[in-house]
Amino acid sequence: MNKKDICSYNYEELQNEMQRIGEKAFRSRQIYEWLHVKLADTFEEMTNLSKGLREKLDFEYEIRQVKMIDHQVSKVDPTEKFLFELSDGNMIESVLMKYNYGNSVCISSQAGCRMGCRFCASTIGGLERNLEPSEMLRQIYHIQKISGERVSNVVVMGTGEPLDNYDNFVKFIHMLSDEHGLHISQRNITASTCGIVPNMRRLAEEGLQITLALSLHGSSQEKRKKLMPVANKYELSEVLKACDYYFANTGRRITFEYSLVKGVNDQPDDIRELTEILKKRNCHLNLIPVNPIKERDFQKPDRKNALEFKNKLEKNGINVTIRRERGSDIDGACGQLRRRHAAADKGEADENICND
Ligand code: SAH
């Protein structure tokens, strides 16, 4: 029998489920607390439940494991990278970044990705499968337990496209911010999308307060198409309208992300076009010097050029930052750690994957 994934039930669903197996409401409250506040990994640990109930739960349900396979701690800044194995053998990665305002965790929303962005390592092997809400939550739970410190911010910017796993992603956001669970404020959660227009519009209507980040990467439809296959499906003008709709409905300022690629999207034309797009919007622009991966020939601009690019945009009145590089001595870029493990499994040499 396939056991049911108990950690993916929201508070109400768990109550219904426990009622169905003849348990009282206070029991489901206790179980939810064990799973989502005390972050139990086994039913064994739930010591205020009778042995009989624990066995009953264990018979019908599972606490689906995310098992830590690798843990890299940066020596240059307080950044840690985690590789987790899912119960079916798929690998995903997450990152912990400590800031003076709190601890931020970057999670994966899918095993692999089918969006095909040209510079991204996560997409090279394609999509394996969507992650369940429990598998998104338990990346955070695991890291909070290991670090022994509260996670205050969550970014959904690891492997995968959250809006390509829409229902599980939205449920995950509700459960993460639920007062019966970790109760992380929605304002401290950011999700990044490559621009799946219909689901951006749906998200705008969910009544959530999360920050939406849009991976822009190109300042025109033509340029975007060269870097992001998703642009063949959704025109830049439609994507921008969906961003405006999100802002209008939620009051949350959009963050635009722009991976700077030397000679590709770092030219004076790009500054002009970016200014055109962004100056009339209440938004923030995050420049990310591209992290080279060995499968593609993309280079990051020199530090000086990146700074110049930023300064010119700033002069044009754009609210812009260059994302501070984190964990440059570990497999920092999206999907690199996972790819390195996949390569090692196939017997490829480590140097095949380009680290900065
Ligand atoms: N699918 C989502 C979220 C995952 S990627 C999205 O596309 O937004 C998170 C961010 O990292 C995206 O902006 C993505 O384009 C960027 N990114 C991926 N690989 C990168 C690389 N090698 N260098 C710089 N940025 C990268």
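The following legends describe close-up views of a predicted model.

**View 1. Surroundings of the ligand.** The shell around the ligand comprises 17 residues, of which E161, S192, S215, H217 and N291 are the closest. By residue class, this shell divides into 7 nonpolar, 8 polar and 2 charged members. Strands β10 (189-193) and β12 each contribute at least two residues to the shell.

View 2. A polar backbone atom of F119 is 3.0 Å from a nitrogen atom of the ligand. For N291, a backbone N or O atom lies 2.9 Å from a nitrogen atom of the ligand. The side chain of S259 places an N or O atom 3.0 Å from a nitrogen atom of the ligand. On its own the ligand has 530 Å² of accessible area, and the protein covers 93% of this area.

View 3. S259 belongs to strand β12, which spans residues 254-260. With a relative accessible area of 6%, S259 falls under the 20% cut-off and is therefore buried. Apart from residues up to four places away in sequence, S259 touches F119, H217, N265, I288 and V290.

**View 4. Two non-glycine residues with positive phi.** H217 has a phi near 65°, a positive value in a residue other than glycine. H217 is located in the loop between β11 (211-215) and α7 (221-227), and its relative accessible area of 5% makes it buried. H183, likewise not a glycine, has a positive phi of about 60°. The loop between α5 and β10 holds H183. In contrast to the buried H217, H183 is partly exposed, with a relative accessible area of 47%.

**View 5. The largest nonpolar core.** This core contains 96 residues, and I6, I140, F169, F172, L203, F256 and L285 touch the most other members. Helix α5 (residues 166-177) gives the most to the core, supplying 7 residues. In soluble globular proteins, nonpolar side chains tend to be buried together. The contacts of L203, excluding neighbours within four places in sequence, are with L163, Y166, F169, V170, L208, I210, L212 and Y246.

**View 6. S74 in the loop between β3 and β4.** A polar atom of the S74 side chain lies 3.3 Å from the backbone nitrogen of D77. Setting aside neighbours within four places in sequence, S74 is in contact with T79, G327, D329 and I330.

**View 7. G22 and its separation from G263.** G22 is found in the loop between α1 (11-20) and α2 (25-36). At 59% relative accessibility, G22 lies over the 50% cut-off and so counts as exposed. Along the chain, G22 and G263 are 241 residues apart, and their C-alpha atoms are separated by 65 Å.

How values were computed: Residues numbered from 1 in each chain as written. Predicted model: local features only at pLDDT ≥ 70, side-chain atom pairs only at ≥ 80, totals over all residues. Heavy atoms only, no water. Helix = DSSP H or I, 4+ residues; strand = E, 2+ residues; numbered from the N terminus. Buried < 20%, exposed > 50% of the residue type's maximum accessible area, 1.4 Å probe, protein only. Contact = heavy atoms within 4.5 Å. Near = heavy atom within 4 Å. Polar contact = N/O pair within 3.5 Å; in protein donor to acceptor, adjacent residues only side chain to side chain. Areas by Shrake-Rupley, 256 points an atom, 1.4 Å probe, with all protein chains shown as cover. Nonpolar A, V, L, I, M, F, W, Y, C, P; charged D, E, K, R; others polar. Core = buried A, V, L, I, M, F, W, Y, C linked by side-chain atoms within 4.5 Å.
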